[in-house]
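Please keep the sequence and the structure in view while reading.

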Amino acid sequence: MNKGQSSFEVIMVTLIVIVTATFILGTFFDLGDQTFALASIKANVMEELDKNESFYVLKKIYYEQANTNTIEFDIIVVDDTIQQNPAYYFDLNSSAQRIINYTKFKNLTIKMSGNQVYP
């Protein structure tokens with residue numbers, strides 16, 4: 001009984017330390033806005049891919065935070081021939097407005113395969 005009690009206490013203390021450390025690191029490094037912005041862009045790109053009649057694949061989303069309120073996205077989309085720069089147009093204004101309204105990023109640039117699409 002005593003051995004089981006100490007194991008439970010060790011697990012509880014470990015969980016409390018992990019949760020507290022995650023909260024402190026998340027607040028200190030301010031990763032919430034970056035994660036929200038990246039998820040918003042990805043969801044919007046996937047919606048636009050579903051609307052297209054042609055076959056496109058989201059290959060990669062790069063992002064760079066220049067300063068505290070500026071972020072730049074570079075989205076790489078390929079077609080079925082794995083051509084790096086296929087001819088397409090995606091409307092990402094709704095995602096951009098969502099990022100500007102709900103995060104600290106007020107200066108936002110979105111490029112798709114080298115072509116700037118927002119602003």
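A residue is called buried when its relative accessible area is under 20%. In this predicted model, serine 40 has a relative accessible area of 5% and is therefore buried. Serine 40 belongs to helix 2, which spans residues 32-51, and, when residues up to four places away in sequence are not counted, serine 40 touches Ser95, Arg98 and Ile99.

## The buried face of helix 3

Helix 3 has Ser95, Ala96, Ile99 and Ile100 as buried residues. Viewed down the axis of helix 3, the buried residues fall within an arc of 135 degrees, so they line one face of the helix. In general, an α-helix has 3.6 residues a turn, so residues three or four places apart point the same way.

The face turned away from the buried side of helix 3 carries Asn101 and Tyr102, which are exposed. The cover over the buried residues of helix 3 includes helix 2, strand 2, strand 3 and strand 4 (115-118).

## The largest nonpolar core

The largest nonpolar core has 21 residues, of which Ile41, Val45, Phe73, Ile75, Val77, Leu108 and Ile110 touch the most other members. At least two residues of this core come from each of helix 2, strand 1 (56-67), strand 2 (70-79), helix 3 (93-102) and strand 3 (107-112).

## Polar contacts of threonine 70

Threonine 70 is placed in strand 2, and its side chain makes polar contacts with the side chain of asparagine 67, at 2.9 Å, and with that of asparagine 107, at 3.2 Å. Apart from neighbours within four places in sequence, threonine 70 is in contact with Glu64, Gln65, Phe105 and Asn107.

Methods:
Residues are numbered from 1 along each chain as its sequence is written. This is a predicted model: local features need pLDDT of at least 70, side-chain atom pairs count only at pLDDT 80 or more; totals for chains, interfaces and linings use all residues. Side-chain values use heavy atoms; hydrogens and water are left out. Helices (H or I, at least four residues) and strands (E, at least two) are DSSP runs, numbered from the N terminus. Buried means under 20% relative accessible area, exposed over 50%, partly exposed in between (1.4 Å probe, protein chains only). Contact means heavy atoms within 4.5 Å. A nonpolar core is a set of buried Ala, Val, Leu, Ile, Met, Phe, Trp, Tyr and Cys residues joined through side-chain atoms within 4.5 Å. The arc is that of the directions from the helix axis to the C-beta atoms. A polar contact is a pair of N or O atoms within 3.5 Å; within protein, one must be able to donate a hydrogen and the other to accept it, and residues adjacent in sequence count only if both atoms are side-chain atoms.
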